[in-house]
Amino acid sequence: MSSDPESPKLEDGHKLLLKRLGVSIDAGTLRLALTHRSYAYENGGIPTNERLEFLGDSILGFSVTDALYRDNPTLPEGELAKRRSAVVSTRALAGIARSLGVGEFIYLGQGERLTKGRNKSSILADTMESLIGATYLDNGIEVARELVMRLVGPLLADADVLGAGTDWKTNIQEISAARHLGGISYEITGTGPDHDRSFEARLLIGGHHFGTGTGPSKKEAERAAAAAGWTVLQERFAPKDATAVSKHDARTSTAPPATGNDA
């Protein structure tokens with residue numbers, strides 16, 4: 001941390017955040033890492049955290065890739081890539097940010113504050129990457145990698161998080177085509193005011209309902225519905241025949257609502 005008497009001083013809240021992160025970051029660098037573009041725009045175009053985000057994203061990706069490669073000597077490249085995608089996803093990073101209470105410290109413009117920007121997954125995930133970048137700038141690569149593994153490492157053994165990296169919609173397309181189940185569509189309904197919308201998606205295959213999912217965006221709701229539909233296909237049909245799904249069974253299938261959000 002800088003000893004320059006003219007440098008910005010850490011606020012009490014920032015000290016709390018650094019304690020939660022377990023690192024030291026200069027006050028000026030930390031403030032930059034927490035400055036969203038909406039706040040910068042409303043305050044004369046001051047620098048934003050986007051460059052730090054770019055830096056942190058690279059450090060995050062390398063650190064996770066290195067750990068996966070070393071700890072899983074028998075896993076093929078495709079599986080390693082899926083696991084990396086899951087733990088560095090917007091969903092996973094936002095979850096980490098929420099556990100640390102990062103949202104309360106982000107500098108946001110009025111518009112983002114009014115639309116609950118402090119809890120938006122995209123803003124939280126981007127800020128986590130910028131904090132990783134800031135840690136690297138002030139402490140070097142080893143401290144930054146230690147931070148990444150302390151925060152992200154536990155997710156590498158979390159089956160639910162790894163499952164979140166699966167491309168459920170593509171899986172549904174593949175199984176539907178292979179087993180001639182019919183066309184795929186998603187019926188979307190939205191509720192709530194414009195600044196706080198919630199969406200529900202119903203997965204239809206061949207005109208029959210296979211799963212329902214909810215989320216804060218249409219894309220996330222569709223993804224959750226696809227995940228629910230995949231569970232239906234596996235649980236209802238795999239025990240009968242691992243390679244085929246009968247059209248008769250497909251006509252009678254339903255799925256419980258999905259509980260997860262995005263990626």
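Biologist: What makes strand β3 largely enclosed by the rest of the structure?

Modeller: In this predicted model, six of the eight residues of β3 (residues 208-215) are buried, so the strand counts as largely enclosed. Buried here means under 20% relative accessible area.

Biologist: How do you know that β2 and β3 pair?

Modeller: Pairing needs at least two bridges, and strand β2 (residues 198-205) and β3 have seven, in the antiparallel sense. Within that pairing, R202 stands opposite T212 in β3. The two strands form a hairpin with two residues between them, and G206 in the turn has a positive phi of about 60°.

Biologist: Why are α4 and α8 called roughly perpendicular?

Modeller: The two helices pack at an angle of about 85°. Angles of 65 to 115 degrees count as roughly perpendicular, and α4 and α8 are therefore described that way. Their axes are 6 Å apart.

Biologist: Which residues of α4 and α8 meet?

Modeller: On the α4 side they include L52, L55, I59 and L60, and on the α8 side I132, A134, Y136 and L137 are among them. The residues of this contact divide into eight nonpolar, three polar and four charged.

Biologist: What makes E104 and R20 a salt bridge?

Modeller: Their side chains meet at 3.6 Å, N to O, and the limit is 4 Å. E104 lies in the loop between α6 and α7 and R20 in helix α1, so the pair ties together parts that are 84 residues apart in sequence. E104 is exposed, with a relative accessible area of 51%, where exposed means over 50%. R20, at 35%, is partly exposed.

Biologist: Why are D66 and R70 said to be separated by about one helical turn?

Modeller: Because they are four residues apart in helix α4. D66 is buried at 16% relative accessible area, whereas R70 is exposed at 62%. Both belong to a network of salt bridges that links D66, R70, E142 and R145.

Biologist: Is S176 counted as buried or exposed?

Modeller: S176 has 4% relative accessibility and the cut-off for buried is under 20%, so S176 counts as buried. S176 is placed in helix α11 (residues 168-178). Leaving aside neighbours within four places in sequence, S176 is in contact with L181, G182, I184 and I205.

Biologist: And P47, buried or exposed?

Modeller: P47 counts as exposed, at 59% relative accessibility. P47 is in the loop between α3 and α4.

Technical notes. Residues are numbered from 1 along each chain as its sequence is written. This is a predicted model: local features need pLDDT of at least 70, side-chain atom pairs count only at pLDDT 80 or more; totals for chains, interfaces and linings use all residues. Side-chain values use heavy atoms; hydrogens and water are left out. Buried means under 20% relative accessible area, exposed over 50%, partly exposed in between (1.4 Å probe, protein chains only). Contact means heavy atoms within 4.5 Å. Axes are lines fitted to C-alpha atoms, for helices over the stretch in contact, and angles run from 0 to 180 degrees between N-to-C directions. Angles under 35 degrees count as roughly parallel, over 145 as roughly antiparallel, 65 to 115 as roughly perpendicular and the rest as oblique. Ala, Val, Leu, Ile, Met, Phe, Trp, Tyr, Cys and Pro count as nonpolar, Asp, Glu, Lys and Arg as charged, and the others, Gly among them, as polar.
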